[in-house]
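Take a look at the structure first, then follow each solution step by step.

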Amino acid sequence: MKVTVFSTHKFEREFLNLAIQDHQLHLLETKLTLDTASLAAGSEAVSIFVNDDASGPVLQKLKEVGVKFLALRSAGYNHVDLQEANHLGIKVARVPEYSPAAIAEHTVAIMLGLNRKLIKAHNRVRDLNFSLDGLVGFDMEGKTVGVIGTGKIGSKVIRILHGFGCRILAFDPYENKDLKNQYQVQYVDLDTLCKESDIISLHLPLTKESKYLINEGSILQMKQGVMVINTSRGGLVNTVDVIQGLKTGKIGSFGIDVYEEEAELFFEDHSEDILQDDVIARLMTFQNVLITSHQAFLTKEALTQIAATTSYNLNCWENLENNPNELVFEEVKKP
Ligand code: NAI
């Protein structure tokens, strides 16, 4: 079967070519948009990444050119209009789990990088400035970390932080008994988590309900100098409100791997361009902000798994086999 693969990055090509040998891959660097959807003509299946546009009109265009199956190379599916896909008869499958450890480890790397001011320290040393002033951090041991979303990634973050000797608070509509028993995790409401945590880390999906979960109101509840980390989805955080929090010192440090408007920026080299996004421009002026461009998943193990699961999803669809990775619209409506 011919498969058009949008947003193919250099870092994943070898993994895709190795894992997907049963299909004819048409690897495109371009993103899927309304303008590029017609490039999929002749392919029954299309594969997309996190910043591709799979909104209703784009799906309609894909349907017109003969696409029947959408293979997401991601766990998150907030960029796909599942209702419209269902309506058009386009099946959608995702990679529900590739390496929760990869994202969890990157999350903790951001925490440590911010806390111990590693970027500043590194730059100083390269400049032959060996002074330590302004580099004071804090012990992670004994600190309270609030984890919002205790699914696959949140659980791994908790495991690592428990090893550091942190006290863990969690907020999730579904309590995980194993986390309570093994790591003494205390499930609390969001207000309590905000009030008591020294570090807050987000590991929940972006939905209509969770959009701007971190906003002026929740920031007001937080401890003075709190560290906030988001490696989930940019829209979980109102960045303008965070900037206010950083300006007053309420937020002591902010680390992100995702940004609400990242689709226009992340994964590409814009070093020759004039930055048009004033919000991220302001964010980048703070010394206590650490930004990576959606790379938490970027390990060999995760890329191998993404390619393998995408191959499995394509094979299941072609062979009319049941696939647990298929997204069913009704499921999404469940709380
Ligand atoms: P998961 O589905 O295993 O866990 C998500 C958890 O969030 C569930 O326990 C769920 O009950 C909880 N949840 C849902 N709505 C909530 C709410 N309103 N408040 C509190 N908790 C809520 O998902 P997983 O694999 O742990 O991934 C979490 C998120 O990480 C994904 O949705 C995705 O956005 C992000 N992600 C980021 C990557 C990166 O490279 N930066 C890579 C992969 C995922």
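**Exercise 1.** Find how far a backbone N or O atom of Gly151 lies from an oxygen atom of the ligand.

*Solution.* Step 1: the distance is 3.5 Å, where a polar contact is a pair of N or O atoms within 3.5 Å.
Step 1: Lys152 has a polar backbone atom 2.9 Å from an oxygen atom of the ligand.
Step 2: a side-chain N or O atom of Asp257 is 3.0 Å from a nitrogen atom of the ligand.
Step 3: Lys152 and Asp257 are also among the nearest of the 22 residues around the ligand, together with Ile153, Asp172 and Thr231; being near takes a heavy atom within 4 Å.

A word on the source: this is a predicted model, in which local features need pLDDT of at least 70 and side-chain atom pairs count only at pLDDT 80 or more, while totals for chains, interfaces and linings use all residues. Residues are numbered from 1 along each chain as its sequence is written, and side-chain values use heavy atoms, with hydrogens and water left out.

**Exercise 2.** Describe how helix α4 and helix α6 pack.

*Solution.* Step 1: α4 spans residues 100-115 and α6 residues 152-164; helices here are DSSP runs (H or I, at least four residues) numbered from the N terminus.
Step 1: their axes are 8 Å apart, at an angle of about 50 degrees; axes are lines fitted to C-alpha atoms over the stretch in contact, and angles run from 0 to 180 degrees between N-to-C directions.
Step 2: α4 and α6 are therefore oblique, a class left over once angles under 35, over 145 and from 65 to 115 degrees are set aside.
Step 3: on the α6 side, the contact (heavy atoms within 4.5 Å) includes Lys152 and Ile153.
Step 4: by class, the contact of α4 with α6 has 12 nonpolar, 1 polar and 3 charged residues.

**Exercise 3.** Work out the geometry of helix α1 and helix α12.

*Solution.* Step 1: the axes of α1 (residues 10-19) and α12 (residues 300-318) come within 9 Å and cross at roughly 45 degrees.
Step 1: α1 and α12 are therefore oblique to each other.
Step 2: α1 contributes Phe11, Glu12, Phe15, Leu16 and Ala19 to the contact, and among the α12 residues are Lys300 and Leu303.

Conventions
Helix = DSSP H or I, 4+ residues; strand = E, 2+ residues; numbered from the N terminus. Polar contact = N/O pair within 3.5 Å; in protein donor to acceptor, adjacent residues only side chain to side chain. Nonpolar A, V, L, I, M, F, W, Y, C, P; charged D, E, K, R; others polar.
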